[in-house]
Amino acid sequence: MANQNSFPLYEKHRYKHTYKRVTESLLLVLLLLQLGYRAISVSNYSFPWFLAFVCESWFTISWFFTLSTQWSPAVIKTYPQRLLQSVQEVPAVDMFVTTADPVLEPPIITVNTVLSLLALDYPPQKLACYVSDDGCSPLTFYALQEASKFAKFWVPFCKKYDVQVRAPFRYFSAKPEVSTASNTPEFKQEWLQMKNMYNDLSQKIELEASQKSNPSHGDFAVFSNTERTNHPSIIKVIWENKEDLENGLPHLIYISREKRPKHSHHFKAGAMNVLTRVSGLITNAPFMLNVDCDMIVNNPKIVHHALCILLDPKGQKEVAFVQCPQQFYATLKDDPFGNQMAILMKYMAAGLAGLQGPFYGGTNCFHRRKVIYGLSPDYVDKGNSISEKELKQKFGASKEFMKSAACALEGRTDSPNAVNIAKVIEAASQVAGCGYEYGTGWGKQVGWIYGSVTEDVLTGLTIHERGWRSEFCTPNPIAFTGFAPGGGPTAMVQQKRWATGFLEIFVSEYCPIFGTLFHKLTLRQCIAYMWILNWGLRTVFELCYACLLAHCIITNSNLLPQDLGICIPVSVIVIYKVYTVSEYLAAGLSIKAWWNNQRMSIITPMNAGFCAFLSVLLKILRISETVFDITKKDLPPTTDVVDDKDAGRYTFDESLVFLPGTTILLLHFSAITIKLLGMQPVVPISKNECGIGEIFCSVYLIVCYWPFLRGLFETGKYRIPLSTIYKSIVLTCLLVHLSRKTVAA
Ligand SMILES: O=c1ccn([C@@H]2O[C@H](COP(=O)(O)OP(=O)(O)O[C@H]3O[C@H](CO)[C@@H](O)[C@H](O)[C@H]3O)[C@@H](O)[C@H]2O)c(=O)[nH]1
Ligand SMILES: [Mn+2]
């Protein structure tokens, strides 16, 4: 472990954003003024006025969450050189990859992720790679087997030429890196050889996929008679670094945990817990790195950077996990779908770094095993010996696993690779069984926590509640990159799941408010968690506000102030727009990217968020359970220059997720039409009429919904399905009718 007297292995630099703070505070004051205005303008009191007050209160609270989270930014700098000087031997790291469906997640993607991990710049005898396959797919297994053969050439090649991006599909899609070492004929020849070998590999996998045969011989026999949701545990050692060779390859182990129809398997959280247990039996490394199947390593030295934080004398006592940001490669120009989250990452990440630390994002994260096993930061004072009875209660009945958990908790890292892997496979199958967790602490006190489809945020939250901190790790080049989900259905699936998961956390016993009241979550961190959980809540108010606006136009009543008070909302809008534009420009992004994000931040939450709200409501009413719908992963383009004009066009499918948006669009159309045709009812002189403000907002909303507007008239996948349009028409008629009735009444 690190030498206590040396320099710090990482440093945190705090800085001030005066301009940002002033603007954000000004906006908050204006929002409060708006609420004040509503409260004192008695003459306007009506139900819509009251509803607007409620919605605006929520927007104000939301803004306060944002402001507080971004208030005190910080950046972190790591010193890998110092790390190497201060430790005699680097610690072992277990690496976890999850995949769940060979169709939605093509095995070639997983293969690339795994290859980039195997080729990390870290002693291979200290690494082990565990792949969890919830799809129980012989194709995935086959692909990994072939990949390990290829790795024997690929890894030495990467190390010899110090390749940066060690996922072959990314490496070969770019021009060969030009450096002096790589300009030799020898390099050129090897490069070509590797490229051909990689092409062979991907062709083999493709061929196997197209044959759809279910091989039942040799290694594949275990897959015969298995179904995705009904099969025993399958654990296969694809590659074992038998002699602990320094120039060998890390272990590669395939795991498909047991599944039975009547057992709930807790989606990714369940898979992570199985990975934790199986790796505990085999290598039991004190640190665990986990990535999704589509997140490739972009900086081969990332383990050193992360360990700077985890092994730093201060970090050892305080920091539970190190999160690397999610960034994307081969991105579309100007972020047409608003899903690259560049601004969010920039300011939120910095803000969180200045608080108790970043949320756990489910991927690109280094965990301390003993924290995952439930340890609190004060264990140093209390000691962490744990009785056999408690071990069994928490970790389950496997003797072997209890032993390994005790070792991990006490920080005894017995030479990890001393185990004979073949011998522990039986014990490993037991802990990968679907009944293993019954009556234990898994999913509640230890491991990844169950109860939300955003198990990542929930698990991180419970760690912060115990008093741990977390840190961001942002080396240059950035640690990992992935391929951003496309617009339309894919993004909706993802955002709906996020909103669902956040709402589930909010209404659960783990709600951050309790975390601050009864546990060790700091107040500002609680507010930061409220900021993210609010993604699921805010949309209901937004949708309500949008309907209210249409209602006021239809009934010729006013939602916005008619006197000088109108200055308040106008300045809120103007300042907010100028402020966000400046954020984009400062980050080197275009105005177009800003606009795309502005409109997508209205479209996506309104649609996905509302559906999420309904599904959580159904869960609370015990009508249906929430599910983890997997985001479809497209094969990324082979080059970085995307000149496909259609790539940025919005697409639709039959899913009901597009219903709220289509309805809002039609509703506002109807409202504007009613206004234009002069069909608004005449209001008594004593009351205020709908003015230019309401019309402006309505038109703005329609402009934001431009992709949907186009979708009404397009063809193919660019078209909103007729069934959705019909349903929206019915809903719109209903809403307009209801609106008009309230005036008549
Ligand atoms: O039953 C399941 C479902 C999913 N997964 C895996 O979970 C990962 C994430 O799923 P994905 O569909 O890619 O979701 P994203 O929306 O991209 O994931 C983000 O959000 C998730 C929580 O909603 C986190 O778990 C992820 O780490 C985070 O990247 C993938 O590797 C899947 O193979 C499983 O192993 N088992
Ligand atoms: Mn993903």
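Two strands are taken to pair if DSSP finds at least two bridges between them, and helices (H or I, at least four residues) and strands (E, at least two) are DSSP runs numbered from the N terminus. The model is predicted: local features need pLDDT of at least 70 and side-chain atom pairs count only at pLDDT 80 or more, whereas totals for chains, interfaces and linings use all residues. Residues are numbered from 1 along each chain as its sequence is written, and chains are lettered from A and ligands numbered from 1 in the order in which they are written.

**Figure 1. The open sheet β8-β13-β10.** Three strands form an open sheet of mixed pairing, in the order β8-β13-β10. Strands β8 (296–297) and β10 (327–328) stand at the edges with a single partner strand each, so one side of each lacks a neighbour in the sheet. Strand β8 runs antiparallel to β13 (residues 480–482), to which 2 bridges join it. Within this pair, valine 297 is placed opposite phenylalanine 480 of β13.

**Figure 2. The surroundings of arginine 166.** Arginine 166 is located in the loop that connects α5 (138–161) with α6 (168–173). A residue is classed as buried if 20 or more other C-beta atoms lie within 10 Å of its own, exposed if 12 or fewer, and partly exposed in between, with C-beta atoms placed from the backbone. Arginine 166 counts as buried because it has 25 C-beta neighbours inside 10 Å. Contacts are pairs of residues whose C-beta atoms, placed from the backbone, lie within 7 Å. Leaving aside residues up to four places away in sequence, arginine 166 touches Leu115, Ser116, Ala119, Cys158, Tyr171, Val297 and Pro300. Between the C-alpha atoms of arginine 166 and leucine 120, which are 46 residues apart along the chain, the separation is 8.0 Å.

**Figure 3. The shell around ligand 1.** Ligand 1 is surrounded by 23 residues, of which the closest are Thr98, Phe267, Asp292, Gly362 and Thr631; a residue is near a molecule if its C-beta atom, placed from the backbone, lies within 6 Å of it. At least two residues of the shell come from each of β3 (93–99), α8 (267–282) and α18 (489–506). Helix α18 gives the most, with 4 residues. By class, the shell comprises 8 nonpolar, 9 polar and 6 charged residues, where Ala, Val, Leu, Ile, Met, Phe, Trp, Tyr, Cys and Pro count as nonpolar, Asp, Glu, Lys and Arg as charged, and the others, Gly among them, as polar. In α18 itself, 17 of the 18 residues are buried, so the helix is largely enclosed by the rest of the structure. From first C-alpha to last, α18 reaches 25 Å, close to the 26 Å expected at 1.5 Å a residue; the expected span is 1.5 Å times one less than the number of residues.

Figure 4. Glycine 588, with a positive phi near 80 degrees, follows the helix.

**Figure 5. The buried face of helix α16.** In α16 (residues 421–431), the buried residues are Ala428, Gln430 and Val431. Viewed down the axis of α16, they fall within an arc of 150 degrees, so they line one face of the helix. Their packing partners are β5 (234–239), α8 and α15 (399–410). Ala422 and Glu426, on the other side of α16, are exposed.

Figure 6. Asparagine 476 and proline 477 are joined by a cis peptide bond, with omega about -5 degrees, and proline 477 belongs to the loop between β12 (469–472) and β13. Alanine 330, although not a glycine, has a positive phi of about 45 degrees. This alanine 330 lies in the loop between β10 and α11 and is partly exposed, with 16 other C-beta atoms within 10 Å. Asparagine 556, likewise a residue other than glycine, has a positive phi near 55 degrees. The loop between α20 (523–554) and α21 contains asparagine 556, which counts as buried with 20 C-beta neighbours inside 10 Å.

Notes. Contact = placed C-beta atoms within 7 Å. Arc of directions from axis to C-beta.
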